Amino acid sequence: MLKEAVSYSIADESVRIVQVTDPHLFADPEAQLLGVNTSKSLAAVLNTIRAVNYPAHLMLATGDLSQDYSPESYRHFVTAVAPLNLPCHYLPGNHDDPRIMFLHMQGERVFGQQRVLIGKWQILMLDSTVRGKPGGHMGESQFELIEQAVAAHPEHHTLLVMHHNPILVNCAWLDQHCMDNGTEFLRRVAQYPQIKALLWGHVHQQLDTHYDGPHGMLQLMATPSTCIQFKPQSPYFALDVLQPGYRLLELKADGSISTNVYRVPGNLFSPDKDSSGY
């Protein structure tokens, strides 16, 4: 049975979204990941979002909210995003414990449901995680969700959101941990003319490309982490000097999407390239 969606009525023609991903928070707000204080880097990203005053309707948090699986890390995230006064819809990443996440990602405007209806769009928050593994897999239950959700609202454009990358990003070490059935996933979802784009995190870098399907082009988007950044097209584990970032999206009534990635200004966060612990 298809689970009930969270629905929003908006007067605007377009749906405006803020995406944040991979904050890797700890129970200890002073803890660091590879030399970066992840609590402070998330705060810097959120402060940047507030400063640009983007009139968003929703926030999407696309996994790896925690680094240490602690209840406190999830509560820290809820507290951190509250001042933005946006509904926040989240999904798990490979560093998350879905059970602990569900129990402690609690707030008046925090949601773990997989379906969002807003304007002329349906947003599906998919679970690509595999328990105990860094890589991902899109299970049949998620394909069934997509099929049923599209059938229930065939008049809506659809955005698919997940944690793992369904395509390779040309980082040999990182591509070992992609969605292992990504090619099949793209082929199957491209059969639906309602599906316009895929959005994910996990890779700690920006990617904007497309997939040519039978009903036209699917936008494919990966978004930088709010903490450390992985160096693009590196055959081995390497950190980038780019600052933490986020993505803004405008989902238009005609099914097209305008989007840009933005980063914290300055040079506040420098990873320790000689440290380990990711």
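**Cavity, pockets and sheets**

Reply: Gladly: the largest cavity has a volume of about 30 Å³. The model is predicted, so local features need pLDDT of at least 70 and side-chain atom pairs count only at pLDDT 80 or more, while totals for chains, interfaces and linings use all residues. Residues are numbered from 1 along each chain as its sequence is written, and side-chain values use heavy atoms, with hydrogens and water left out.

Me: What is a cavity, and what is a pocket?

Reply: Both are found on a 1 Å grid over the protein atoms alone: a cavity is a set of points where a 1.4 Å probe fits but cannot get out, and a pocket is an open set with protein on both sides within 12 Å along at least five of seven lines. Lining residues have an atom within 4 Å of a point. Grid points are joined across faces, edges and corners, and a volume is the space filled by probe spheres set on the points. Here the count comes to one cavity of 30 Å³ or more.

Me: Which residues line the largest cavity?

Reply: The lining consists of V36, C227, I228, Q229, D240, L242, P244, F269 and P271. For classes, Ala, Val, Leu, Ile, Met, Phe, Trp, Tyr, Cys and Pro count as nonpolar, Asp, Glu, Lys and Arg as charged, and the others, Gly among them, as polar. That gives seven nonpolar, one polar and one charged in the cavity lining.

Me: And what volume does the largest pocket have?

Reply: Its volume is about 610 Å³. There are 25 lining residues, and those closest to the centre are K3, G112, Q113, Q114 and M125. Helices (H or I, at least four residues) and strands (E, at least two) are DSSP runs, numbered from the N terminus. In those terms, β6 (88-91), α3 (98-104), β7 (110-111) and α4 each give two or more residues to this lining, and α4 has the largest share, with five residues. By class, the lining holds 13 nonpolar, seven polar and five charged residues.

Me: How many residues line the second largest pocket?

Reply: That pocket, of about 270 Å³, is lined by 18 residues, and Y69, N94, H95, K133 and P134 are the closest to its centre. The elements giving two or more residues to this lining are β10 (129-130), β11 (133-136) and α5 (172-175). Its residues divide into seven nonpolar, seven polar and four charged.

Me: Now the sheets. In what order do the strands of the seven-stranded sheet lie?

Reply: The general idea is that strands of a sheet pair through backbone hydrogen bonds, either parallel or antiparallel. Two strands count as paired if DSSP finds at least two bridges between them. The order here is β1-β8-β9-β12-β13-β15-β14, an open sheet with mixed pairing. Its edge strands, each pairing on one side only, are β1 (6-8) and β14 (207-213).

Me: Why is β13 largely enclosed?

Reply: Buried means under 20% relative accessible area, exposed over 50%, and partly exposed in between (1.4 Å probe, protein chains only). Five of the six residues of β13 are buried, so the strand is largely enclosed by the rest of the structure.

Me: What is the strand order in the six-stranded sheet?

Reply: This open, mixed sheet runs β7-β6-β5-β2-β16-β17, with β7 and β17 (257-263) as edge strands. Within it, β2 (residues 15-20) and β16 (residues 245-251) pair in the antiparallel sense over five bridges, and the partner of I17 in β16 is L249.
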